[in-house]
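Here are my notes for you, as numbered points. Have the structure open while you read, and look up each residue as it comes along.

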Amino acid sequence: MSDYDFDVIVIGAGPGGYVAAIRAAQLGLRTACVESRETLGGTCLNVGCIPSKAMLHASELYDEAASGKLAKLGIKAQVELDLDTMHAQRRDAVKGLTGGIEFLFKKNKVEWLKGHAAFTGKDTIDVAGKSYRARNIVVATGSNVTPLPGVEIDEKVVVSSTGALELAKVPGHLVVIGGGVIGLELGSVWKRLGAKVTVVEFLDQLLPGMDGEIRKEAAKIFKKQGIELKLSTKVTGVAVKGGKATVTVEPAAGGAAETLEADAVLVSIGRRPNTEGLALERAGLTVNKRGQIEVDHDFATGVPGIWAIGDVVPGPMLAHKAEDEGIAVAENIAGLTGIVNHDVIPGVVYTMPEIAGVGLTEEEAKERGEVKVGKFPMLANSRAKTNHEPEGFVKVIADAKTDRVLGVHIIASVAGTMIAQAAQAMEFGATSEDIAYTCHAHPTHSEAIKEAAMAVTGKPIHM
Ligand SMILES: Cc1cc2nc3c(=O)[nH]c(=O)nc-3n(C[C@H](O)[C@H](O)[C@H](O)COP(=O)(O)OP(=O)(O)OC[C@H]3O[C@@H](n4cnc5c(N)ncnc54)[C@H](O)[C@@H]3O)c2cc1C
């Protein structure tokens with residue numbers, strides 16, 4: 001008998017951790033997963049991807065009915081918002097999916113150690129006063145909200161994304177600090193439900209990190225939807241009094257300050273890796289300047305037997321990236337070859353229209369060499385036009401010499417679904433010609449990807 005309690009202990013049951021634990025158990029390793037939350041699934045299932053999409057979906061339907069979009073299709077309805085029921089269906093979605101992970105743990109014989117884990121040595125951790133020893137420990141503790149210095153989040157008037165999912169009534173005016181993915185998604189939810197929404201962004205454009213042309217187009221679309229954008233603007237203070245907030249802003253480059261009166265303020269300036277209370281030093285682990293645990297290509301840390309994945313390690317903070325790393329790390333622990341291609345991780349903003357990208361932006365691609373770019377507007381796509389969803393475009397960026405696809409960027413109502421084929425094509429090393437000569441079903445939004453690929457060499461049909 002070995003004196004290890006487990007072959008693998010995973011700390012954190014988010015999409016990185018729970019997937020790693022299940023895969024490790026599937027590979028025959030005695031596995032436990034520590035989670036301090038009441039439910040499994042991490043940020044993603046409890047307060048992130050899933051509840052935000054529940055509110056985005058419901059608010060989108062409400063908006064379609066309330067704004068008269070459905071009436072234009074011949075569907076007349078008297079519409080009334082029942083926010084309590086909308087929140088209840090969000091909670092139901094979370095309950096169902098987090099419960100599903102608990103079922104999968106039982107099915108795969110992953111033991112859930114309930115409580116907060118802290119290292120007591122290189123191969124030992126303490127959970128709720130009990131010590132556990134494992135041959136391998138995977139740190140998958142995720143991330144939490146980055147605070148804005150000087151601004152206190154009370155989750156009532158000044159909220160993080162978690163509080164913004166749960167507002168008990170539609171705020172008259174919501175000020176969103178940060179024009180990134182989370183701010184725009186949750187800002188869209190409350191705008192559709194009737195709030196006035198102002199997004200304050202320090203940079204001169206929304207959606208940092210995304211393709212430049214996409215960022216500009218997205219800003220145009222959000223403005224058209226009535227979301228007020230204050231770009232190149234910094235927040236210098238938030239004062240709360242009598243259940244309301246006064247937000248002080250000034251031009252990022254300096255200049256006269258102004259104030260915005262708000263019923264709610266969402267602080268969404270980013271997320272930071274979560275290593276709080278883990279006592280990493282007792283295991284000999286350190287973090288880099290950004291608070292992340294550095295890992296090698298196999299997700300091994302500098303300490304043999306300790307691995308790390310997901311939001312706590314460098315790379316985009318995305319659930320699917322964490323999941324893929326979870327599978328890879330388990331396979332590496334089991335002696336197989338687990339690889340994640342970090343060059344092909346799609347990113348999606350689930351607004352309406354959706355915004356998605358994979359691979360290099362045009363700016364990044366041009367820095368590396370000569371490129372050819374093909375674009376196709378959704379307005380010229382028969383399905384999008386028929387569905388009254390004409391906004392956006394598809395852009396395919398290919399290497400000028402080899403024609404290999406380097407990046408695909410999309411704004412379209414179903415961009416999040418469309419981007420999967422671009423990711424798969426890139427994973428297989430496709431050229432723009434490969435995509436252009438792939439038969440796409442008609443009428444689908446995805447035909448716009450084919451046409452954009454054709455446009456790389458100047459030959460789209462419907463434009
Ligand atoms: C509002 C919002 C919307 C989002 N939407 C999307 C989206 O649409 N698509 C997408 O890809 N990503 C989205 N994300 C990001 C996504 O949620 C994260 O990238 C993902 O959850 C990271 O997974 P993870 O496993 O690394 O960590 P997490 O999901 O953060 O899970 C880590 C878990 O570890 C637990 N934990 C931490 N420390 C300890 C400890 N010491 N002991 C025990 N347990 C511990 C935590 O309680 C947590 O449950 C969203 C995030 C937010 C906030």
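1. Let's get one term out of the way. A polar contact is a pair of N or O atoms within 3.5 Å; within protein, one of them must be able to donate a hydrogen and the other to accept it, and residues adjacent in sequence count only if both atoms are side-chain atoms. Lysine 230 has one: its side chain makes a polar contact of 3.0 Å with the side chain of glutamate 258.

2. Some ground rules. This is a predicted model, where local features need pLDDT of at least 70 and side-chain atom pairs count only at pLDDT 80 or more, while totals for chains, interfaces and linings use all residues. Residues are numbered from 1 along each chain as its sequence is written, and side-chain values use heavy atoms, with hydrogens and water left out.

3. Now the overall picture. The protein has 13 helices and 22 strands; helices (H or I, at least four residues) and strands (E, at least two) are DSSP runs numbered from the N terminus. Its radius of gyration is 23 Å, close to the 23 Å that the globule rule gives for 463 residues, so the protein is as compact as a globular protein of that length. That radius is taken over C-alpha atoms, and the rule is 2.2 Å times the number of residues to the power 0.38. Along the principal axes, the C-alpha atoms fill a box of roughly 70 × 60 × 50 Å.

4. How much of the protein is buried? Buried residues make up 51% of the 463, where buried means under 20% relative accessible area, exposed over 50%, and partly exposed in between (1.4 Å probe, protein chains only). The protein exposes about 21,400 Å², with carbon and sulfur atoms supplying 53% of that. Accessible areas come from the Shrake-Rupley method with a 1.4 Å probe, and for residues only the protein chains shown count as cover.

5. On to contacts, meaning heavy atoms within 4.5 Å. Take the contacts between residues at least 6 apart in sequence: 63% of them join residues at least 24 apart.

6. Have a look at the ligand next. There are 39 residues around it, and Glu35, Thr43, Lys53, Ala117 and Ala319 come nearest; a residue is near a molecule if one of its heavy atoms lies within 4 Å of it. The shell divides into 16 nonpolar, 18 polar and 5 charged residues.

7. Zoom in on the ligand's polar atoms. One of its nitrogen atoms lies 3.2 Å from a polar side-chain atom of histidine 116. An oxygen atom of the ligand is 2.9 Å from a polar backbone atom of aspartate 311, and a backbone N or O atom of leucine 318 lies 3.2 Å from a ligand oxygen. Taken alone the ligand exposes 1,000 Å², and the protein buries 94% of that.

8. Lysine 216, in helix H7 (residues 212-224), counts as exposed at 57% relative accessibility. Lysine 230, in strand S11 (residues 228-230), counts as buried at 16%. Leaving aside neighbours within four places in sequence, lysine 230 is in contact with residues including Thr198, Val200 and Leu260.

9. Glutamate 362 is also worth a click. This residue sits in helix H9 (residues 362-368) and is buried, with a relative accessible area of 14%. A polar contact of 2.7 Å joins its side chain to that of lysine 366.

10. Most residues other than glycine have a negative phi, and most peptide bonds are trans. Glutamate 155 has a positive phi of about 60°, and alanine 279 has one near 55°. A cis peptide bond joins methionine 352 and proline 353, with omega about -5°; another joins histidine 442 and proline 443, also with omega about -5°.

Methods. Ala, Val, Leu, Ile, Met, Phe, Trp, Tyr, Cys and Pro count as nonpolar, Asp, Glu, Lys and Arg as charged, and the others, Gly among them, as polar.
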